[in-house]
Every structure is written in structure tokens, then in C-alpha cells.
Amino acid sequence: MKFTTSERENKSFEPIAPGVYDVTCVKATEAGDKSYIALEFDLANGKEKVWDRLYSDNAPKAKFMCQAIGKEWRGELTPQDMMGKTVSVDLVIKENAEGKRFNRILTYKPSTASAQDTAPAKPVNEDEIPF
């Protein structure tokens with residue numbers, strides 16, 4: 001395999017505006033000697049990504065994820081549970097000590113899109129049709 005020797009373009013990642021977004025998990029991996037699950041999400045627009053980590057010592061955030069994906073909380077969550085699932089996230093912007101701004105996911109909720117897609121249609125009562 002031949003590799004190019006030109007330097008790669010240095011792309012800066014600007015944070016996404018704060019708000020609630022529907023995202024789909026495209027990568028979930030146990031990392032840090034299984035002390036956390038590293039997550040990568042695509043935004044619904046397909047053009048932007050956000051990342052998060054679910055740490056084993058942060059059960060409340062993992063519980064929110066379980067609720068968002070429709071899994072009963074039993075104190076356990078695996079990367080496979082989240083792959084391909086769409087959830088809503090509450091996204092904020094934080095700043096580190098060096099002044100670099102980045103996104104942080106505060107919490108997970110059931111996707112607003114999936115709630116609309118799965119809502120059962122109301123049955124039509126023909127006796128109530130006004131014409």
C-alpha cells in the first residue's frame with residue numbers, strides 16, 4: 001500500500017449550538033479497562049457528530065440512556081444495547097482550562113422523532129364524521 005506524504009488538513013471542530021437534538025449511536029465501545037463506554041453519535045442532519053462517555057460510576061446517566069432506548073434499567077448497559085438507537089440529547093457547550101470550547105451531553109431522553117413515528121393512529125369512528 002502506498003501512502004501519501006502530504007500533511008492532512010487540520011480541521012477544527014466548532015461546537016454545535018446548545019439545544020435538544022435527535023442523534024443516532026453509530027459507535028459504542030467499552031474502553032478504559034471497561035470503566036466506560038465511548039459513544040459516537042450522528043445528528044439527524046447527517047452532517048455533524050457528538051461524542052460522549054458513559055462511566056461505570058455514573059449510574060444516573062446510564063439509567064437515562066436505558067430509559068431513552070426503551071431498555072429496563074437493571075444496573076447494566078452494553079455497547080450493543082445502544083448501537084443504531086436514536087435518542088434525544090440535551091447538548092451544551094463547555095470550556096476547558098485552555099479556553100477550548102466543546103459540546104457536552106447532559107442527559108438522554110427518548111427520541112422525539114421515534115415517539116411520533118411509533119404513536120398509534122386513532123381509530124376513526126364513522127358516526128362522528130361531520131359530512
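**The sheet and its neighbours**

Mentor: In this predicted model, 5 strands form an open sheet in the order S3-S2-S1-S4-S5, and their pairing is antiparallel.

Trainee: What makes strand S3 and strand S5 the edges?
Mentor: Strand S3, residues 49-55, and strand S5, residues 101-110, each have a single partner strand, so one side of each is left without a neighbour in the sheet. Neighbouring strands of this sheet are, on average and with direction ignored, turned by 45° against each other.

Trainee: How do you know that S1 and S4 are paired?
Mentor: A pair needs at least two bridges between the strands, and 6 bridges join strand S1 (residues 19-31) to strand S4 (residues 86-95), so the two count as paired, and they run antiparallel. Within this pairing, aspartate 22 stands opposite serine 88 in S4.

Trainee: Which strands does helix H1 touch?
Mentor: Helix H1, residues 59-69, packs on the sheet and touches strand S2 (36-43), S3, S4 and S5, and the direction of the helix makes about 55° with that of S5.

Trainee: What makes S1 and S2 partners?
Mentor: The same test applies: at least two bridges are required, and 8 bridges join S1 to S2, which run antiparallel. Threonine 24 stands opposite aspartate 42 in S2. The two strands S1 and S2 form a hairpin with 4 residues between them, and glycine 32 in the turn has a positive phi of about 55°.

**Aromatic pairs**

Trainee: How many aromatic pairs does the structure hold?
Mentor: The structure holds 2 aromatic pairs.

Trainee: Why is the pair of tyrosine 36 and tyrosine 55 called tilted?
Mentor: Ring centres must lie within 6.5 Å to form a pair, while planes under 30 degrees apart count as stacked and those over 60 as edge-to-face. The rings of tyrosine 36 and tyrosine 55 have centres 5.2 Å apart and planes at 45°, so the pair is tilted. Because tyrosine 36 lies in strand S2 and tyrosine 55 in strand S3, this pair ties together parts that are 19 residues apart in sequence.

Trainee: What makes phenylalanine 41 and tyrosine 108 a tilted pair?
Mentor: Their ring centres are 6.0 Å apart and their planes stand at 45°, so this pair is tilted as well. Phenylalanine 41 lies in strand S2 and tyrosine 108 in strand S5, so the pair ties together parts that are 67 residues apart in sequence. Both phenylalanine 41 and tyrosine 108 are buried.

Trainee: Why is tryptophan 51 called partly exposed?
Mentor: Tryptophan 51, which is found in strand S3, has a relative accessibility of 46%, and because this value falls between 20% and 50%, the residue counts as partly exposed. Not counting residues up to four places away in sequence, tryptophan 51 touches Leu39, Glu40 and Ile105.

Trainee: Why does glutamate 40 count as buried?
Mentor: Glutamate 40 belongs to strand S2, and at 17% relative accessibility it is under the 20% limit, so it counts as buried. Beyond its neighbours within four places in sequence, glutamate 40 is in contact with several residues, including Thr24, Val50 and Trp51.

How values were computed. Residues numbered from 1 in each chain as written. Predicted model: local features only at pLDDT ≥ 70, side-chain atom pairs only at ≥ 80, totals over all residues. Heavy atoms only, no water. Axes fitted to C-alpha atoms, helices over the stretch in contact; angles between N-to-C directions. Contact = heavy atoms within 4.5 Å. Buried < 20%, exposed > 50% of the residue type's maximum accessible area, 1.4 Å probe, protein only.
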